[in-house]
Amino acid sequence: MSTTILPIMLREAPWENLADEIVVGKGILELLSNSMYVDPMTIYREYIQNAADSIDEARATGLLGTGDAGRVTISIDLAARNVKITDNGTGIAHREFANRLAAFGASKKRGRGVRGFRGVGRLAGIGYCQELVFRSRTHGEAKLSEIRWDCRKLKTILRSSDEHPDLRGAVGQVVELRRIPAVSMPERFFEVEMRGIIRHRNDQLLSAPAINTYLSQVAPVPFRQDFPFRDTILRHVGSQVRLGDLQILIGENGAQVYRPHTEALEVGVGVFDRFAEVELLTIEGIDGETACLGWVLHHGYTGALPAGCNVRGLRVRCGNIQIGDDRMFEELFPEARFNAWSVGELHVIDPRIIPNGRRDHFEQNVHFDNLLTHLAPIAREIARKCRTSSIQRKWSRDFELREIATRERATIIEQGALSRNDRYRLAEEIRGGLAFLEVIINKGILPAGVVAELTKRKEKLERDVSRVLKAPVRASALSDIPAARRRVYEQLIGLIYECSASQANAKLLIDKILARIS
Amino acid sequence: MANKNILLIEPGYKNKYPPLGLMKLAQYHGPYGKRDKVTFIKGEDPAAFGTAWDRIYITTLFSFEFSRIAQSIDYALKVANGHADKIFVGGIAASLMPEQFASRASWQGIRFIQGLLTGSPSKALRLDEYSEELYSDDHHGPAIEDLIPDYSILNQIEYKYPVRDAYFAYASRGCIRKCAFCGVPKLEGDQRDSESITALVRNIEALYGPKKDLILMDNNVAASFRFREIIAEIRDLGFVPEAKLSIGRTSVQRRVDFNQGVDARILCKDRAYLRELSTICLKPLRIAFDHLGLKGPYEKAVRYAHEFGLLSMSNYMLYNFHDTPADLFERMRLNVTLNEELGLRIWSFPMRYQPTWLPDRSHTGENWTRYQLRSMQLILQATHGVVSGEPAFFKRAFGDTFEEFDDLLMRPHHFIFNRDWFDFHGGRAQFDEYKREFNRLSSSERAELLSLIASVDPGDLRGQVRLATTIRVKSIMKHYFPLTKDEEAEIWARQRAMKEQDDPSIIVPDEERVEDAGLNYEEAPASALSETKRKKKEMAIA
């Protein structure tokens with residue numbers, strides 16, 4: 001009997017709120033710092049992103065003039081193992097300073113069309129240094145505000161098996177605030193200082209070149225002046241994306257960071273290809289609006305691009321900052337490896353396509369799904385180009401090999417040491433070779449330019465071998481030798497050619513033999 | 001939203017009627033609906049890889065074409081880049097054996113729709129509004145099932161459906177019967193009336209121009225209480241005897257076809273049914289004759305039809321169910337008798353039963369053997385699936401008595417396949433020797449022989465010889481070894497030289513034939529035969 005009553009009772013029983021019992025433990029801090037940023041370099045992305053938003057705001061409010069660069073400097077103190085990231089954005093005024101920098105997941109930027117909006121990115125450094133300091137001064141402030149996180153202490157607290165303190169208690173123990181005179185500091189800035197950066201594998205966090213390489217791919221920095229497709233891309237993408245290009249300067253001499261794209265492309269050690277063409281992409285969202293703008297650079301598609309070229313793969317950016325890595329869309333290619341053959345970028349415009357908290361992917365929703373749907377045919381088309389190019393290279397190579405082999409055969413006939421039959425056979429092979437070259441030319445696979453060149457080469461080859469073909473049996477180099485012995489020689493020479501792996505080597509050997517016996 | 005890319009796929013099997021479900025979906029998405037870009041393909045078109053598809057619909061028909069359907073679904077998954085949530089599979093096979101589809105792990109996430117797309121589009125397609133799926137907010141739109149089929153998509157493909165210049169409609173749905181062999185109870189359920197066919201015909205005419213024929217796909221129209229009204233409606237639409245459709249200067253004969261057949265058990269109750277049916281341009285009158293138990297009602301219905309001048313008739317004859325070869329023969333023979341007596345033209349279409357849940361055609365009924373089924377298929381291949389009611393041709397194809405038919409079903413297949421050659425020409429001596437040996441067999445020996453030849457593929461028959469228990473069976477087995485390729489090729493070459501007299505059955509137009517007689521189908525093991533070889537075979541028969 002109870003079996004019928006129980007489900008009804010369960011369904012009818014009222015639900016209660018449990019506001020008083022909610023506990024936010026200290027473990028949350030670990031999740032928000034260490035667990036979120038697995039690749040240490042992503043700290044730079046997080047701080048650059050905040051700087052970019054602040055600089056955009058400074059520009060919008062007129063603090064930064066149109067001619068002024070939005071600047072971020074990254075200074076590295078190798079001896080002290082400190083890094084400072086300083087921007088000339090709006091800064092944060094003292095009255096908001098503590099409130100904004102000691103809040104968790106309470107960003108005021110959400111829904112305002114800016115890059116960061118979750119209010120956790122600033123914690124990125126916690127896991128990688130001993131002390132994390134934020135300092136800032138806004139326009140008109142005489143003093144600067146400073147907040148300091150004691151990351152060593154935090155680590156101790158997090159490691160203790162004691163469940164106390166809770167989140168608020170833990171933060172209270174490790175975070176301190178002060179206000180100090182702004183002596184010789186810029187009138188408006190925000191600065192993150194990471195002190196005592198921990199040693200992490202190859203110490204990339206302190207390597208100016210490594211930071212440059214990373215930011216050149218990820219950060220909103222300008223293309224190089226000499227990148228030939230710069231203007232085309234900017235016109236297309238800039239029409240709807242606020243690129244907010246930053247002047248990022250790294251290290252003592254202040255090397256500026258640029259996007260890694262150039263005209264040439266090192267496809268292998270010392271082997272270069274060049275970008276021949278840019279294809280502009282516009283991807284529709286599900287309501288017919290523009291969801292993404294992008295571009296693909298076409299090149300020779302001679303093979304997978306090396307990781308070191310820093311441009312490979314179909315990549316995606318939000319607010320002109322890269323989301324995920326160069327393998328984000330790998331699975332859209334019919335064969336994943338073709339992603340590494342391609343060079344292209346997408347800029348997400350649709351605010352409903354939302355980067356996830358770690359910024360290594362996107363929230364799974366219908367809008368992101370729609371983006372994938374539209375990208376798939378583009379990836380397939382790139383894969384097709386890769387395949388075509390590899391087929392074309394195969395046929396070009398075949399052409400070349402057959403061309404060499406045909407020439408070789410002609411010189412062997414000319415050498416005049418073969419029997420009559422062997423000469424006829426070789427002449428047949430030469431004809432066959434020419435026919436094969438003709439077939440390759442007429443396959444309709446090779447591009448017109450290549451066909452024209454190959455046709456010329458084939459015609460030249462035809463002229464060169466025509467003499468041999470017209471008179472395959474000419475005066476023998478062995479004509480002075482008595483007929484019976486000559487036949488033995490001819491037979492032997494024929495065997496040498498037949499049995500040797502390289503016809504060129506065999507010919508050299510026979511040249512020597514001929515010199516001795518005749 | 002509009003402008004979405006919608007892909008409609010019908011698997012690459014041969015079928016007679018255009019896919020109505022897809023045509024209705026085309027209407028839903030098309031220029032009078034959501035104004036999306038609708039593309040229809042039959043089979044697998046590599047060009048589809050170049051488009052970003054927002055949704056893909058696949059229809060399914062015969063359950064025994066499962067492997068062909070599977071090919072289309074796998075293709076769609078590739079086209080959709082693995083996004084199974086964009087793929088919807090519906091239609092008859094998907095409704096009849098949902099577990100076959102749902103159990104395939106690689107198809108996880110594809111929505112398999114059973115039954116008709118009734119109710120709001122959002123509900124019928126099981127769209128999820130929480131994940132903001134395309135048109136998931138369409139809660140109040142008319143049911144897709146009730147939309148006018150979009151005929152325009154048929155021009156997008158090369159394939160020409162044997163019946164296409166027609167209004168396809170239902171005057172009623174479901175069926176009062178629950179025959180064990182039939183998929184209708186599962187697909188459509190109980191008998192009920194459907195919307196007015198007049199409105200549908202008028203709408204199709206307005207959108208896509210007039211159609212020549214009216215194909216009514218009712219399962220059992222005679223069981224409808226509205227039977228008289230339905231017939232009256234058809235008359236009012238102009239489909240009366242000798243009705244013609246004028247297109248420019250030419251005019252063509254129109255016809256009405258209740259293509260699922262009419263129930264003899266009802267027709268025989270009252271002359272009025274056939275009197276009514278004789279007032280429309282019905283061609284042919286299809287009466288199902290599924291087992292010998294229907295002989296009385298069937299014969300009566302045929303006589304009534306004759307009385308009212310309905311002379312063109314067509315028969316569905318189920319076999320390989322609970323029937324025996326004798327049962328089938330008697331049914332076919334009855335038509336010959338009726339034709340002779342009444343001067344009719346009844347064509348029979350034997351249809352081999354396959355359970356609706358079976359993904360292939362491997363079923364063998366309890367009173368049939370695989371060998372006999374293959375023999376029957378070979379005979380039907382030669383007659384293009386049609387059983388002629390003309391006595392001479394019938395006798396030639398199926399024998400004069402059941403004994404002859406029974407012997408024929410046991411005959412070595414190359415004798416059946418190259419019948420003229422072995423009956424009259426070069427193979428005669430060989431055939432005569434076989435007949436001599438066969439006639440010497442006792443009935444138990446015949447039974448033994450049948451069980452031996454039916455238990456293996458023809459290629460493995462040699463191994464069976466040692467299992468024979470008598471000298472006579474052992475000896476006759478040699479005739480069953482399949483011909484070598486060279487022997488076959490020679491027979492075909494020499495036969496081609498001789499022009500044969502055509503069986504009159506080939507004058508039955510495609511549009512009046514049955515949907516699928518399985519004639520081109522090869523048994524699973526024999527399917528290793530290459531396509532070209534099969535083509536050759538077909539040529540040899542023709």
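The legends below describe close-up views of a predicted model.

Residues are numbered from 1 along each chain as its sequence is written, with chains lettered from A and ligands numbered from 1 in the order of writing. Local features require pLDDT of at least 70, side-chain atom pairs count only at pLDDT 80 or more, and totals for chains, interfaces and linings use all residues, while side-chain values use heavy atoms, without hydrogens and water.

**View 1. Strand S7 of chain A pairs with strand S1 of chain A.** Strands are DSSP runs of E with at least two residues, helices are runs of H or I with at least four, and both are numbered from the N terminus. Two strands count as paired if DSSP finds at least two bridges between them. S1(A) covers residues 71-77 and S7(A) residues 247-250; the two run parallel and are joined by 4 bridges. A:Val72 has A:Ile248 of S7(A) as its bridge partner.

**View 2. S7(A) and S8(A) form a hairpin.** Strand S8 of chain A (residues 255-256) runs antiparallel to S7(A), with 2 bridges joining them. Opposite A:Leu249 stands A:Gln256 of S8(A). Between the two strands lie 4 residues, and A:Gly251 in the turn has a positive phi of about 80°.

**View 3. A:Gly62 occupies the loop between helix H3 (42-60) and S1 of chain A.** A:Gly62 is exposed, with a relative accessible area of 54%; exposed means over 50%, buried under 20%, and partly exposed in between (1.4 Å probe, protein chains only). From A:Gly62 to A:Gln247 the C-alpha separation is 18 Å, and the two are 185 residues apart in sequence.

**View 4. Strand S6 of chain B (residues 166-169) carries buried residues pointing two ways.** B:Ala166 and B:Phe168 point one way, B:Tyr167 and B:Ala169 the other way, and all are buried. In a regular strand, side chains alternate between the two faces of the sheet. S6(B) runs parallel to strand S9 of chain B (residues 213-216), and 4 bridges join them. In S9(B), B:Leu214 stands opposite B:Tyr167.

View 5. Among contacts (heavy atoms within 4.5 Å) between residues of chain B at least 6 apart in sequence, 75% join residues at least 24 apart. The C-alpha atoms of chain B fill a box of roughly 80 × 55 × 45 Å along the principal axes.
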